[in-house]
Amino acid sequence: MAGRNGRTVRDLRRGNRTAVLQRLYFDGPLSRFELGPATGLSSGSVSNVVADLIADGLVEEAGSVDSDGGRPRTLLRVSPHSGQMIGVDVGETRVRVELFDLALTELARTERPLTAQGYDVDVIVGHIRDGIAEVLTSEQAVPERLLGVGVGVPGIVEHTPDRGAVVHGQTIGWDAVPLERLLRATSPLPDEVPYVIDNGAKTLGQAEMWFGAGRGARNAVVVLFGSGVGACLVTPEVEHGRAVEWGHLTVRVRGRRCRCGAPGCLEAYAGAESLLARWREEGGRPPEGTDEETALTAMLAAAYPSEGTAPDPVALAVLEETAEYLGAGLSDLINLFQPERILIGGWAGLQLGTRFLPAVRRHAATYALRHPADKVTIDLGRLGPDAVTVGAAILPLADFFASGGRRPEPLGEDRLPAWRAALEERAPR
């Protein structure tokens, strides 16, 4: 039966379960008494919802605290072992697959380096498929508790009714790739388990906002600085974040050719790939036969050597120019969105780290309008190189919460043995 606002009793129950689960997850452990004001529910509703969630195995007791003059109050928390998620980062040097419990404790991981085939679609799909099978056959995996797989990818992700998530990755040569359909076609997972695919900068942003340096901010921009650059915008109107193709903002008319094909993009000056290319063009000597992460480490060591060694002037000049381009690019984000925080993550951002940050802040303040620049802080993210994978795992977790903690339909006993055998067959030996 629907009420005046069109919400049914089932909708109300789901909303109440969602409210309690989220408060316990982010602010727990909490007592039933504390859950009332935290969720806006009556004490009776809290008791009913908590009883349901305990019966479903999603919530458990976590000790007690003294109350004012009464009996001790039992504390409750979301049971970390009641569900598992897989996060996948289709990165620039590797595909990383990790298995987490509900507390986002890593249970298993595997990585597949990207070699000469680069972003060949079949190669990427194979890496994801085999990585999923491998982590699900690890000792701590309980495949029956899997809530879903989240995948962070480069490019624009379009969610379509007929082909699922479609990836438009111009910089990696993906033109409307139906990634969700391709993964499902060769998946070791049953159809009941969802794939949730989104832009990697958005998954990074969601991770930092939930668990990292963005927690508590209402308006923030999280920057992914790797081979290229991207960003995720979080505002009260866009609570879960929106990926913005910040790296393809034009910073110089008729400038360097970006890997997207356009001239003068920020990425053509500030991404790690272009940074290393400019060092080479100016006479620098990046180490041959190494990946970008190793080459950037060598460039930093050349520009900022140990005491008593002269710096490489070319490497230093290129890095200083890159800091100015990044600062100028951040000034556009400041002027457009007036965030209270800007957080820099991604493997290149973390490598450049605190050594790079003062110059970037200085240039951002120079190019931005004074009023919004005075109100923003620019810092590094806190979640390290696994932030995209953590954020990807959050995607099915967020859907799980939104559904009121309703799991995918469990496999029947008749299908479990065949599924486990398929996982074992898929997992690399």
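Predicted model: local features only at pLDDT ≥ 70, side-chain atom pairs only at ≥ 80, totals over all residues.
Helix α1 covers residues 9-27, which makes 19 residues. From its first C-alpha to its last it reaches 27 Å, close to the 27 Å expected at 1.5 Å a residue. Its buried residues are D11, R17, T18, V20, L21, L24, Y25 and F26.

Helix α3, residues 43-55, has 13 residues. At 1.5 Å a residue these should span 18 Å, and the end C-alpha atoms are 18 Å apart, which agrees. Buried in α3 are V46, V49, V50 and L53. These residues lie on the same side of α3 because they cover an arc of only 100° around the axis. The face turned away from that buried side carries N48 and A55, which are exposed. Among the elements that cover the buried residues of α3 are α1, α2 (32-39), β2 (59-65) and β3 (73-78). Just after α3, G57 takes a positive phi of about 80°.

The next topic is the nonpolar cores. The largest has 47 residues, and V223, W246, M299 and L330 touch the most other members. At least two residues of this core come from each of β12 (220-225), β13 (229-235), α7 (267-270), α8 (272-281), α9 (292-303), α10 (313-337), β15 (341-345) and α11 (347-367). Helix α10 gives the largest share, 9 residues.

What does M299 touch, not counting residues up to four places away in sequence? Its contacts are L275, L276, W279, A315, V318 and L319. A second, separate core has 33 residues, including L114, I128, V157 and L189.

Technical notes:
Residues numbered from 1 in each chain as written. Heavy atoms only, no water. Helix = DSSP H or I, 4+ residues; strand = E, 2+ residues; numbered from the N terminus. Expected span 1.5 Å × (residues − 1). Buried < 20%, exposed > 50% of the residue type's maximum accessible area, 1.4 Å probe, protein only. Core = buried A, V, L, I, M, F, W, Y, C linked by side-chain atoms within 4.5 Å. Contact = heavy atoms within 4.5 Å. Arc of directions from axis to C-beta.
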